[in-house]
Protein chains: 2
Amino acid sequence: MTVLIENQTTYSPSNYRTPDGAPSDIVIFTIETKEKAAGKKALPDRELQVMLIQRKRWPFAGAWALPGGFCGEDESMYDCAKRELQEETGVDRIHMEYFGVYSTPGRDPRGWMISHAFFALVNEKLLAGRSASDDAADVRLFPYHEALNMELAFDHREILSDAFHRVQQKMLTTTIAKEFLPEEFTISELYQVIQTVVPEFQERNFIRKITSTQSRKGIIEEVLDHKGEKKLSNRYSQRAAQLYRFTEHMPPLLSIYT
Amino acid sequence: MTVLIENQTTYSPSNYRTPDGAPSDIVIFTIETKEKAAGKKALPDRELQVMLIQRKRWPFAGAWALPGGFCGEDESMYDCAKRELQEETGVDRIHMEYFGVYSTPGRDPRGWMISHAFFALVNEKLLAGRSASDDAADVRLFPYHEALNMELAFDHREILSDAFHRVQQKMLTTTIAKEFLPEEFTISELYQVIQTVVPEFQERNFIRKITSTQSRKGIIEEVLDHKGEKKLSNRYSQRAAQLYRFTEHMPPLLSIYT
DNA sequence: TAAATAGTGTCTATGAGACATTATCTC
DNA sequence: GAGATAATGTCTCATAGACACTATTTA
């Protein structure tokens, strides 16, 4: 075997053209709950929304875009996105996942930018404080479908669409629905949240599937009060409904063959 | 709103530290079929293997590593990986998917390298010609579990492990098993391929699940010969077995709630 | 005829899917 | 008691899971 003499001293990365930056873009989803008239016992309306910022500078000045920012040398892409997410929402500990790289040549007029896309799911409650201060300015929540029809900066429309489909898929195959729910919730709330993200989802016997089916039992459990009695809620209904919470159990493994 | 005066002229990416490169790393899987003694009618042994290259230069000179290479300014990461895959295998039109970014600071001694990981599934038949020429040199197939226990360059062990788990999951939820099979195959072959990637997979009534179950019917179909008769194969058995092929049908949508 | 693989019969318990029905509470 | 949501009863058919059994061919 040939032993080459190249080593740390002779290696020079500057012989090659290198990227001009590695940004992250974050698709931040939330579900806005619009209660019916105060005191009225009825299920609320829910709407999937996404956070956009209005760009101040070239390129695409004035256009709406996904929040994000450039990665530093001393952080991973994940850390970078987490940092940007924190800056944008003012909240820590948000569920965030990586889902793709966007590197089509020419996608960014500033140069060779390889962008890394994340999605985040935030409970609207966590956004409560923030909205008041920033809402009027250059950060806003848009209904997903409205955002999708806007002229977004860069290739952010494609990223937004990809994120949505990934979240739809994960909503049905994992327990991420919990990110949009309070700690304790009713079956109707869970069902509504799933339908907000996946309108096609329909399951007439939902309550039995999730509570009495052998293979699914254990992903949620009934909440008991301090006396060991079943804890109920009548927030959305005359007849009080059982409260549930997600357990730590992994959802069942899915397979098309079994 | 403040209107900033920044524009194309004043924007300067060189004010920021930029990455030193955007490589791709490709985990190329294949399944080696080891026929039993010639003429013996018995199911073959199958083994999942992964392609590694031996590095010639600093860093990690002499160590085995995943194939890959640096992305150019005029190509997307996907194009880059496709190109490298083609160079390494000599084959085009290979199933390849992106699955993650590796950007931990310090992962590459050459500098700030943000690596993009793909996995590829190659039918061993396509590799047939290639092996003869390169096999002795610096490109080799290793059994997956052996590779996982080697001292691989960079963070390639982690990448390899992540790729494997992704492929396992996809093997059960999509029809990628077809990448490891000939156009026409028997149920036993399909079952064996799945088990080669996911040893835990076990399904005693496999044949009925996949052929007679309402929701799965249609993902494979019986092969007929020119006379419209069912086409059989006795390659691995005394009694001839029905041949099947994958259809264009999408596998059923999976959900933990339904 | 033993061995090896392919494929079917059959039984039980569970689940899917569809609706009707009952329960509980408020206005 | 009308109206809204929660939850159960009930029926049919499909599927899961287990295992014994039959089928086909060759050494």
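Reader: How many bridges join strand 1 of chain A to strand 4 (residues 68-70) of chain A?

Author: Two strands pair if DSSP finds at least two bridges between them. Here three bridges join strand 1 to strand 4 of chain A, and the two run antiparallel. Within this pairing, A:P23 has A:F70 of strand 4 as its bridge partner. The model is predicted, so that local features need pLDDT of at least 70 and side-chain atom pairs count only at pLDDT 80 or more, while totals for chains, interfaces and linings use all residues. Residues are numbered from 1 along each chain as its sequence is written, chains are lettered from A and ligands numbered from 1 in the order in which they are written, and side-chain values use heavy atoms, with hydrogens and water left out.

Reader: What is meant by a strand, and which direction do strand 1 and strand 6 of chain A take, parallel or antiparallel?

Author: Strands (E, at least two residues) and helices (H or I, at least four) are DSSP runs, numbered from the N terminus. Strand 1 of chain A is joined to strand 6 (residues 115-122) by seven bridges, and these two run parallel. A:V27, for instance, has A:F119 of strand 6 as its bridge partner. Six bridges join strand 1 of chain A to strand 2 in an antiparallel manner, with A:E32 opposite A:E47.

Reader: Is strand 1 of chain A mostly covered or mostly open?

Author: In a regular strand the side chains alternate between the two faces of the sheet. A residue is called buried under 20% relative accessible area, exposed over 50% and partly exposed in between (1.4 Å probe, protein chains only). Strand 1 (residues 23-34) of chain A is mostly covered, with ten of its twelve residues buried.

Reader: Which residues come closest to DNA strand C?

Author: A residue is near a strand if one of its heavy atoms lies within 4 Å of it. DNA strand C is surrounded by 22 residues, the closest being A:Q214, A:Q238, B:S188, B:R208 and B:Q242. Of the DNA strand C atoms within 4 Å of the protein, 61% belong to sugar or phosphate, and the rest to bases.

Reader: Which residues come nearest to DNA strand D?

Author: DNA strand D has 22 residues around it, with A:S188, A:R208, A:Q242, B:Q214 and B:Q238 nearest. A polar side-chain atom of A:R208 lies 2.5 Å from a base oxygen of DNA strand D, whereas a polar backbone atom of A:Q242 is 2.7 Å from a phosphate oxygen.

Definitions and conventions: Polar contact = N/O pair within 3.5 Å; in protein donor to acceptor, adjacent residues only side chain to side chain.
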